[in-house]
Amino acid sequence: MNRKSIYALTLFGMFAATATSQTPEVKLVEERTNIRSDRRPIPVGYYDEKADKTFVCWMSANSHPAVKAYDHASGKWSETKIVAQSPFADKHNYPSILRGKDDRIYMFYGCHNSTLKMAVSPAPNSIDGEWSDIYIAEAERASYPAPVLTDDNEFYVFYRDTRKTNGHTDDRPYQFVKSADGGKTWSRQLVIDPYPRTTDSMTEVYNGQVAYQSRGAVGKGRIHLAWTVCGEKAGRHAHATYGRNVYYAYLDLSDDHMYNIEGRDLGTTIDNVEADKYCLALETPIPERGHSAGLQVSVSYRDNGSPLIHYSYPSENGGRLATWTGKEWTHTSFAATGEPRGIEKLGPEKFRIYSTMGKGVVTHVTADGGLTVTREKEIATPVSLSRCYVIADARPELKLLLFSNPVVEGRETLREGTRNMYTVNDIFEK
């Protein structure tokens with residue numbers, strides 16, 4: 001079968017009691033195009049009003065980054081374009097795209113314990129032509145890139161560093177690389193360094209969505225970070241075997257220092273002692289098995305500068321939202337049994353939380369900054385889903401980008417696509 005075949009399919013979705021009368025259109029865009037991927041809730045697509053097109057990206061065969069453009073005037077998708085070359089096939093090599101101030105498409109990808117790469121479109125508002133494709137040498141040993149472009153035209157790309165300089169596989173701090181000249185030059189900064197720990201050997205940083213809050217009420221701007229720590233138990237070292245705690249801090253873009261929720265200046269790097277003393281949003285005991293807060297701890301922000309954190313809570317078989325009351329952290333549980341897939345900010349205190357669960361997407365909404373949560377909708381899909389992403393500045397006809405679990409029998413390979421790509425229109429109340 002042609003891996004680039006494009007189809008369209010309209011299906012009826014299932015709704016909770018609070019749903020509107022709108023029917024979701026789950027459209028199959030391309031068959032067997034994506035390989036197995038652990039891609040987090042990072043920027044994977046956006047609507048460009050100048051071109052009147054939506055651009056999306058994903059990881060195709062051999063982990064090579066692919067892009068596609070939807071023309072809203074004609075209602076048609078472009079052919080898939082492989083824009084760059086991954087150095088090796090790996091399910092963690094996922095791409096992310098942002099629109100630069102020059103209207104070109106900036107893609108950050110790679111990279112799993114390897115050097116971060118950047119590909120840039122040659123023309124603004126278009127995927128056409130031969131893209132540049134370079135290494136960012138300052139970001140070596142990188143995994144899970146999460147890019148941000150600020151109002152001041154500065155790129156920050158956060159990533160986990162597989163440092164292991166202490167001889168331990170779970171020595172994996174968190175860093176960013178920064179460019180103020182459109183990606184020509186870069187500097188690096190270590191922001192979270194949990195090694196060593198005395199209570200356990202969980203010195204790996206894991207997180208999900210990173211949130212940029214533009215300047216205004218919070219000065220020059222902030223980048224909000226929430227994370228958990230993983231590794232092994234005290235006296236032993238192993239990769240991602242156990243995980244505990246939820247932490248929060250933000251990067252103040254006026255000085256590139258890290259601050260805790262109360263505004264304490266923690267300098268350029270948060271160490272293990274500072275994290276436990278000043279940044280704990282939730283302390284959990286050392287688990288007997290698994291990860292007590294999941295691996296994808298995501299964060300968004302309220303207009304007052306306080307965060308909204310979404311994390312799994314396996315002991316309650318659901319999810320939780322954490323928010324700051326001004327004096328303490330409060331945690332609200334809700335029955336979300338699916339995998340966390342991102343937070344969408346809808347207003348000053350209103351957010352939508354996405355999860356994938358079997359053959360569908362489940363959404364929950366909070367209208368009071370996380371103090372209460374209600375189940376909103378279920379969107380049925382024809383196959384089991386792997387990932388769900390919100391398209392930035394989405395038009396009504398293209399709201400979500402979805403990827404299926406494998407659709408072929410037998411052993412899954414990274415050398416060829418085994419997952420379908422879908423879109424869903426905007427069916428949600430604002």
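## Salt bridges across the chain

In this predicted model, the side chains of D38 and K91 meet in a salt bridge with 3.3 Å from N to O, a salt bridge being a side-chain nitrogen of Lys or Arg within 4 Å of a carboxyl oxygen of Asp or Glu. Because D38 lies in the loop between strand 1 and strand 2 (45-48) and K91 in the loop between strand 6 (81-82) and strand 7 (96-99), the pair ties together parts that are 53 residues apart in sequence. Both D38 and K91 are buried, where buried stands for under 20% relative accessible area, exposed for over 50%, and partly exposed for values in between (1.4 Å probe, protein chains only). The structure holds 30 salt bridges.

Another of these contacts joins R163 and D193, whose closest N and O atoms are 2.8 Å apart. This pair links distant parts of the chain, since R163 is in the loop between strand 13 (155-161) and strand 14 while D193 is in strand 15, 30 residues apart. R163 is buried at a relative accessible area of 18%, and D193 also counts as buried, with 13% relative accessibility.

## A network of charged residues

R244 and E283 form a salt bridge through their side chains, at 3.9 Å from N to O. R244 belongs to strand 19, whereas E283 sits in the loop between strand 22 (280-282) and strand 23 (298-301), so that the pair links distant parts of the chain, 39 residues apart. Here R244 is buried, with a relative accessible area of 7%, but E283 is exposed, with 58%. Both residues belong to a network of salt bridges that links R197, D200, R244, D276 and E283.

## Two open sheets

Helices (H or I, at least four residues) and strands (E, at least two) are DSSP runs, numbered from the N terminus, and two strands pair if DSSP finds at least two bridges between them.

A second open sheet is made of six strands in the order 9-12-13-14-15-21, and its pairing is mixed. Its edge strands are strand 9 (112-114) and strand 21 (270-271), each of which pairs on one side only. Strand 14 (residues 174-179) and strand 15 (residues 187-193) run antiparallel and are joined by five bridges, with F176 standing opposite Q189 in strand 15.

## Backbone details

A cis peptide bond, with omega about -5°, joins Y195 and P196, and P196 is found in the loop between strand 15 and strand 16 (201-206). N113, which is placed in strand 9, has a phi near 60°, a positive value in a residue other than glycine. N113 is partly exposed, at 33% relative accessible area. D256, in the loop between strand 19 (242-252) and strand 20 (257-259), likewise has a positive phi, near 55°, and D256 counts as buried at 11% relative accessibility.

Residues are numbered from 1 along each chain as its sequence is written, and side-chain values use heavy atoms, with hydrogens and water left out. As this is a predicted model, local features need pLDDT of at least 70 and side-chain atom pairs count only at pLDDT 80 or more, while totals for chains, interfaces and linings use all residues.
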